[in-house]
Amino acid sequence: MSNEGEEAFGARLKAYEGLSAAVTGVGKDPVNVPMIRHWCEAMGDTHPAYTGPDAIAPPTMLQVWTMGGLSGRTGRTGAYDELLGLLDEAGCTSVVATDCEQEYLRPLRPGDEVTFDAVIESVSDRKRTKLGTGYFVTTRMDVRVDGEPVGTHRFRILKYAPARREPGGTRPRPVVNRDNAGFWEGVGRHRLLIQRCVGCGTLRLPWLPGCNACGSPKWDTVEASGEGTVYSYVVMHHPPFPAFEPPYAVGLIELAEGVRMVSNVIGVAPGKVRIGMPVRLAFVRYDEELELPVFRARDGEETR
């Protein structure tokens with residue numbers, strides 16, 4: 001695409017900014033205790049504010065009350081589909097969700113009936129990424145109860161033309177920052193370190209700057225024993241990624257200490273991974289710079 005053509009195409013995309021993506025959507029269910037309980041159980045969140053007669057919904061459930069489920073959602077306009085169709089025609093046929101932002105104005109409580117509107121907030125200029133070249137599309141959903149704003153949810157995707165890749169490749173590096181640097185330092189010493197709140201003793205993994213239970217910013221660490229079980233898992237077959245040879249098993253591992261982490265399950269055929277399978281921590285070196293914690297099936301037969 002020439003520079004002139006790219007500018008003209010970008011202008012067509014920008015014309016969709018501000019157009020509605022959904023109008024007067026209505027949540028399929030009111031805010032309710034069973035869904036709050038299921039969320040907290042899945043997330044391992046035991047905060048007392050989410051139980052009892054004066055319970056509120058966890059703020060991060062904001063999008064849950066707007067989701068259409070398997071049967072879909074009514075009230076969606078054609079503008080968003082038209083925008084994605086234009087990107088498809090330009091060769092940006094792949095899509096990946098990149099991030100979301102939420103703003104909370106007041107707590108949601110059981111019985112609240114949620115309504116919402118969505119707008120195409122922005123379409124970026126053409127961007128080159130490791131995945132390929134494309135455009136970031138951001139939608140903003142405004143959530144209300146009885147006409148009163150209660151929160152905002154921004155959701156951003158990248159619609160892109162996949163970059164050509166050579167077979168194989170370098171395994172992606174973890175993002176190391178000031179909040180999790182100690183974890184990766186421990187991995188370098190073959191130690192799996194779990195954060196422990198100094199205020200209330202709650203363990204947490206992955207590492208966070210503060211405690212979800214009491215809010216204290218003070219913490220120390222305990223070393224995991226390395227014993228665990230498969231809490232949940234998925235076997236990846238498609239799409240293929242450089243440096244990953246499908247099929248491979250990605251598990252949510254519940255450690256003996258009670259926290260959970262995501263990692264690969266090795267030492268057994270991916271199709272034989274099962275919920276409840278006992279696993280033990282191992283460290284695998286993928287190249288000269290990268291070594292990662294994984295979990296080996298204790299009773300499995302090595303097949304890979």
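In the hairpin formed by β7 and β8, with five residues between the strands, Gly201 adopts a positive phi near 85 degrees. The model is predicted, so local features require pLDDT of at least 70 and side-chain atom pairs count only at pLDDT 80 or more, whereas totals for chains, interfaces and linings use all residues. Residues are numbered from 1 along each chain as its sequence is written, and side-chain values use heavy atoms, with hydrogens and water left out. Helices (H or I, at least four residues) and strands (E, at least two) are DSSP runs numbered from the N terminus.

- Strand β7 spans residues 193–197, and four of its five residues are buried, so the strand is largely enclosed by the rest of the structure. Buried denotes under 20% relative accessible area, exposed over 50%, and partly exposed the range in between (1.4 Å probe, protein chains only).
- Pairing of two strands requires that DSSP find at least two bridges between them. β7 pairs with strand β9 (residues 219–223) in the antiparallel sense, over five bridges; within β9, Trp219 is the bridge partner of Cys197.
- β7 also runs antiparallel to strand β8 (residues 203–204), to which two bridges join it. In β8, Leu203 is the bridge partner of Arg196.

**Salt bridges**

- The structure holds 20 salt bridges, each defined as a side-chain nitrogen of Lys or Arg within 4 Å of a carboxyl oxygen of Asp or Glu.
- One of them joins the side chains of Asp287 and Arg173, at 2.7 Å from N to O. This pair links distant parts of the chain, 114 residues apart: Asp287 lies in the loop between β13 (278–285) and β14 (291–297), and Arg173 in the loop between β6 (148–162) and α4 (181–188). Asp287 counts as partly exposed because its relative accessibility is 25%, and Arg173 is likewise partly exposed, at 36%.
- Another salt bridge connects Glu223 and Arg191, whose closest N and O atoms are 3.1 Å apart. Glu223 belongs to strand β9 and Arg191 to the loop between α4 and β7, so the pair ties together parts that are 32 residues apart in sequence. Glu223 is partly exposed, with a relative accessible area of 43%; Arg191, at 30% relative accessibility, also counts as partly exposed.
- The side chains of Arg298 and Glu227 form a salt bridge at 2.3 Å, N to O. Here too the pair links distant parts of the chain, 71 residues apart, with Arg298 in the segment after β14 and Glu227 in strand β10 (residues 227–236). Arg298 has a relative accessible area of 43% and is partly exposed, while Glu227 counts as partly exposed at 25%.

**Helix α3**

- Helix α3 covers residues 79–89, and its buried residues include Ala79, Tyr80, Leu83, Leu84, Leu86 and Leu87. These residues cover an arc of only 150 degrees around the axis, which puts them on the same side of α3; the arc is that of the directions from the helix axis to the C-beta atoms.
- The buried residues of α3 pack against α1 (3–14), β1 (20–26), β3 (114–123), β5 (132–145) and β6, where contact means heavy atoms within 4.5 Å.
- Gly91 follows α3 and has a positive phi, near 95 degrees.
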